[in-house]
Amino acid sequence: MNLVEWLQRIMVGFGAAWVMWLMIGLSVISVAIILERAWFFWSLRDDLAVLARDLRTSLDDSIEAARRRMEASPSAEAAVVSAGLAVAHQGPEAAEEAMAGAAALQRMKLERRLAYLGTLGNNAPFIGLFGTVIGVVGAFDALGQAAKTPVAQATSQAMAPQAVMSSIAEALVATAVGLAVAIPAVAANNFFQRMIKSTLANTEALTRVLLAHLKIDPAFSGAAPAVAAEPRAKGAKAARQEELKKGGAGEEER
């Protein structure tokens, strides 16, 4: 038995049914991911126009007011801006770097599990085509078996169409299942990718609003560390008083 006959016997023995069961299992996982991602994006929804307006208004008030407004929003855009507000007292450059890092993390969260949908959408038709090939191999194997014996040669023309049609029908079902699995996966993946691009574009717009305020108003740079600088100011004042005392003691000795 050569390799071709061995592979043919395996294909005919297993048939194309296992390919369809595999596709059904992959489709169940695909639907679960689509539902999970839909719920995730739904939980991040917010009115971005109102959020941008509130950010501008709160920045005119204080950094702390802007931070409270961003923390109240469930959106990914607000999470990125909050990272910049946390280090706004260190200057626009620090805020920009912090928001760039936060945007990268948010992008990873947004793109989670979408690689599976893309991979399934691209390869499901090929898996279905593999089932089609198995069905065609089975059809021709049925023709070959019908023509092997002299007795069957007389009735082979009557039996062959039925065997071929059943095998071809199984092959076409495998192709249809592959397409039925691939189309929703591709559509959902494209939809979610579009939402990710929109979210990142909105994030860029909000970060520019914050950076504009930080660059225009230098008072933002010294707002946050005022509390931290107070102990240092007290320490410096105490040091100066100590120096004055030492200087007065030296004059008394002279």
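1. Ile63, Ala66, Arg67, Met70 and Glu71 of helix H4 are in contact with Ala78, Val81, Ser82, Leu85 and Ala86 of helix H5; contact means heavy atoms within 4.5 Å. The residues of this contact divide into seven nonpolar, one polar and two charged. Here Ala, Val, Leu, Ile, Met, Phe, Trp, Tyr, Cys and Pro count as nonpolar, Asp, Glu, Lys and Arg as charged, and the others, Gly among them, as polar.

2. The model is a predicted one, in which local features need pLDDT of at least 70 and side-chain atom pairs count only at pLDDT 80 or more, while totals for chains, interfaces and linings use all residues. Residues are numbered from 1 along each chain as its sequence is written, and side-chain values use heavy atoms, with hydrogens and water left out.

3. H4 covers residues 63–71 and H5 residues 76–86; their axes come within 9 Å and cross at roughly 155 degrees. H4 is therefore roughly antiparallel to H5, a term for angles over 145 degrees. Axes are lines fitted to C-alpha atoms, for helices over the stretch in contact, with angles from 0 to 180 degrees between N-to-C directions. Helices are DSSP runs (H or I, at least four residues), numbered from the N terminus.

4. The H4 and H5 crossing is left-handed, that is, the near helix is turned anticlockwise from the far one by less than a right angle.

5. The largest nonpolar core has 20 residues, and Leu55, Leu59, Met70, Val81, Leu85 and Leu210 touch the most other members. Such a core is a set of buried Ala, Val, Leu, Ile, Met, Phe, Trp, Tyr and Cys residues joined through side-chain atoms within 4.5 Å; buried means under 20% relative accessible area, exposed over 50% and partly exposed in between (1.4 Å probe, protein chains only). At least two residues each come from H3 (48–61), H4, H5, H6 (92–110) and H8 (150–216). H8 gives the largest share of this core, five residues.

6. Leaving aside residues up to four places away in sequence, leucine 55 touches Ala66, Met70, Val81, Leu206 and Val209. Another core lies apart, with eleven residues, including Ile33, Phe41, Ala76 and Ala188.

7. Arginine 113 is not a glycine, yet has a positive phi of about 70 degrees. Arginine 113 sits in the loop between H6 and helix H7 (114–146) and is partly exposed, at 42% relative accessible area.

8. Glutamate 93 belongs to helix H6 and counts as exposed, at 57% relative accessibility. Its C-alpha atom is separated by 9.4 Å from that of leucine 214, 121 residues apart along the chain.

Conventions. Parallel < 35°, antiparallel > 145°, perpendicular 65-115°, else oblique.
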